[in-house]
Amino acid sequence: SECKLILKGHNERASDIIFYPKLSTPSALCIASGGADNKVLLWSLESEKPIKTLTGHTDRVNRVIFHPSARWLASSSYDKTWSLWDAETGQEVLTQGGYSRAVYGLSFHCDGALMATGGLDAVGRVWDLRSGRPIWNFRGHAKQ
């Protein structure tokens, strides 16, 4: 079949893309993408251009993931941080660092209260999103 829409917005390679979990109509928010241009872009399926551009990272974005409620979106970056965004307004809600290398892994707990992050420095953390603080640090994936 023929491709009907090509999304154009990142100035560098797109490193991650995810569907919005509460897809309702093609004109609403449908997809989020992160790119090597340090941006997170939000897309509808009715336009080749993004409906929102989320800026705040200072290096390439590795991962994007929607919160279980679909209200928030998290991104991780080579700038050694991860960010939590309001998917409706595009505002940055929280940014956390503490890694010595890029933050690569992201995962929300199914109830949405906790976030797990993993960095290329072999450190993993579990964050309480209600307080914005880490509640558990773990190591163990370092090269021997």
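This is a predicted model: local features need pLDDT of at least 70, side-chain atom pairs count only at pLDDT 80 or more; totals for chains, interfaces and linings use all residues.
**Notebook: salt bridges**

I began with aspartate 86, which forms a salt bridge with arginine 71, the closest N and O atoms being 2.6 Å apart. I looked up where the partners sit: aspartate 86 is in strand E7 (residues 82–86), and arginine 71 is in the loop between strand E5 (61–66) and strand E6 (72–77). The two are 15 residues apart, and I noted that the pair links distant parts of the chain.

I then looked at a second salt bridge of arginine 71. The side chain of glutamate 88 meets the side chain of arginine 71 at 3.7 Å, N to O. Glutamate 88 lies in the loop between E7 and strand E8 (92–96), while arginine 71 lies in the loop between E5 and E6, so this pair ties together parts that are 17 residues apart in sequence. I found glutamate 88 to be exposed, at a relative accessible area of 53%.

Which residues are linked in a network of salt bridges? I wrote down Arg71, Asp86 and Glu88.

How many salt bridges does the structure hold? I noted three. I turned to the one between arginine 130 and aspartate 128, whose side chains meet at 3.0 Å, N to O.

Is aspartate 128 buried or exposed? Its relative accessibility is 15%, and the cut-off for buried is under 20%, so I logged aspartate 128 as buried. Arginine 130 has a relative accessible area of 67%; exposed means over 50%, so I logged arginine 130 as exposed.

I also looked up the surroundings of aspartate 128. Aspartate 128 lies in strand E11, which covers residues 123–128. I set aside the neighbours within four places in sequence and listed the contacts of aspartate 128: Ala113, Leu114, Arg133 and Ile135.

A last entry, to keep the pairs in view. Arginine 130 is exposed, and its salt-bridge partner, aspartate 128, is buried.

Key. Residues are numbered from 1 along each chain as its sequence is written. Side-chain values use heavy atoms; hydrogens and water are left out. Helices (H or I, at least four residues) and strands (E, at least two) are DSSP runs, numbered from the N terminus. Contact means heavy atoms within 4.5 Å. A salt bridge is a side-chain nitrogen of Lys or Arg within 4 Å of a carboxyl oxygen of Asp or Glu. Buried means under 20% relative accessible area, exposed over 50%, partly exposed in between (1.4 Å probe, protein chains only).
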